[in-house]
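Here's a quick briefing to read with the model open beside you.

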Amino acid sequence: MNPPSAFDRPIASPWVSAREAAELLGVKRASLYAYVSRGKITARPSEGGRGRRYARADIERLMARRDARAGHGAVAAGALRWGEPVLDSAVTAITEEGPAYRGYLATRLAEAGVGFESVAELLWTGEPAVAPRRWPTPPGRLEASLAAVIPRDARPSDALAIALPHLAIADPQRHQRAPGPTLDAARALIRHLVIAIALSGGGRSRASVATAAPSIAAALALAFGLPATRARVAALEVALVLSADHELNPSSFAARVAASAGADLYAAVGAAMATLSGPRHGGVAERVAAMLDEIGDPSRVVRVVQSRLRRGDPVVGFGHPLYPRGDPRVEPILAAARAVGGKKRRLRSLEAVVDAMALAGAPAPSYDIAITGLAVALGLGAAEATAIFAIGRSAGWIAHLLEQRQAGYILRPRARYTGSFPEGAL
């Protein structure tokens with residue numbers, strides 16, 4: 001018997017029948033219909049036109065609220081598993097149309113060509129900037145000191161991990177907490193992280209070119225060893241903007257926990273970076289790339305996907321609990337990928353996987369598929385896809401650090417002990 005697939009639960013039912021919805025909630029159908037009329041549950045007609053289907057994600061949120069009445073333990077247990085919100089934040093709202101930064105939809109910002117620097121400033125200050133802000137060029141001495149500690153053959157993620165403590169030691173003001181100096185340090189930090197990526201792939205010569213670039217997107221293209229053409233820079237700009245924040249994802253929550261304990265900017269970003277490295281967060285791109293390696297030619301996509309589904313193996317990068325109708329960030333990033341590398345075989349394979357999964361009735365692709373697709377289109381690997389993610393998300397990490405500092409309390413949840421007390425132990 002095949003083992004259960006990690007893919008089974010999302011594919012089972014992003015939409016459920018009225019009977020199933022009422023049973024899950026423990027209510028009569030009249031109450032279910034009342035939830036729909038009040039906008040608490042989304043409903044749509046069934047495919048056959050008879051009856052209606054109800055969004056499982058909305059039902060699960062209501063179930064979490066119901067369980068909260070059982071006490072604080074139930075609240076915490078549900079909240080830490082895609083449940084109820086655990087803290088107040090004015091940074092990013094998750095909507096059906098994607099993340100909204102300080103009330104501005106990220107997809108619209110990307111479509112309008114708003115630069116990453118402007119989006120970062122919006123997240124940090126709440127003030128929308130009409131013109132892109134050019135961040136200061138880092139001093140050459142720091143570039144030289146980073147070059148001394150980052151090997152040329154290091155992976156981008158390792159280069160970022162090496163750079164953070166080094167930059168912290170070089171900043172004598174890192175422990176001050178005033179917003180203005182913190183923002184100055186944040187702007188310099190993101191530029192230095194891009195330089196670290198350049199050093200890991202091309203050494204001092206590539207880093208020097210990236211340092212002089214007019215924007216983070218252009219610097220990142222040069223850091224990867226790519227000519228900073230208008231199309232490439234525009235594609236990276238879209239990806240960075242749509243990567244900038246996503247509410248309390250694991251890495252942003254790690255940054256907030258560190259900030260709540262009084263950690264400095266570099267330590268909080270380091271905590272987030274370490275969390276991003278996990279295979280279930282920033283590392284998903286490498287798993288998507290491994291699947292593309294298995295597929296090879298686009299003609300093999302259907303065979304490989306069907307084989308994986310038959311064996312119960314996961315097809316990573318599909319379905320997102322916050323977006324039962326599909327992640328709105330995906331199409332803009334994939335469109336940018338097509339604009340710079342639409343004829344590349346691996347990108348065609350990736351898009352064929354998306355089509356094959358749709359035919360199988362699977363959930364829509366997630367952000368991880370899109371960011372991998374952009375890396376493929378640019379002729380880069382999965383490690384570089386994660387680096388794009390990290391540079392973009394650094395803006396959100398810093399926004400959450402600033403907000404948590406302002407909140408002023410330490411994040412210290414409690415655990416509900418489920419073990420035993422051996423006789424005589426107490």
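In which segment is Y417 found? Y417 sits in the segment after α20 (382–407). This is a predicted model, where local features need pLDDT of at least 70 and side-chain atom pairs count only at pLDDT 80 or more, while totals for chains, interfaces and linings use all residues. Residues are numbered from 1 along each chain as its sequence is written, and side-chain values use heavy atoms, leaving out hydrogens and water.

**Surface patch**
- Y417 is exposed, at 53% relative accessible area (exposed means over 50%, with a 1.4 Å probe and protein chains only).
- Together with F421 and L426, Y417 makes a nonpolar surface patch with about 440 Å² of accessible area.
- Patch residues have over 30% relative accessible area and no salt bridge, and nonpolar side chains are joined within 5 Å; a salt bridge is a side-chain nitrogen of Lys or Arg within 4 Å of a carboxyl oxygen of Asp or Glu.
- Accessible areas come from the Shrake-Rupley method with a 1.4 Å probe.

**The sheet**
- Three strands make an open sheet in the order β4-β5-β6, paired antiparallel (strands are DSSP runs of E, at least two residues, numbered from the N terminus; helices are runs of H or I, at least four).
- β4 (92–95) and β6 (104–105) are at the edges with a single partner strand each, so one side of each has no neighbour in the sheet.
- Pairing takes at least two DSSP bridges.

**Who faces whom**
- β4 and β5 are joined by 4 bridges, and a hairpin of 2 residues links them.
- T92 stands opposite Y101 in β5.
- β5 (residues 98–101) pairs with β6 over 2 bridges, with Y101 opposite Y104 in β6.

How values were computed. Patches are made of residues with over 30% relative accessible area and no salt bridge: like charges are joined within 9 Å, nonpolar side chains (Val, Leu, Ile, Met, Phe, Trp, Tyr) within 5 Å. Buried means under 20% relative accessible area, exposed over 50%, partly exposed in between (1.4 Å probe, protein chains only).
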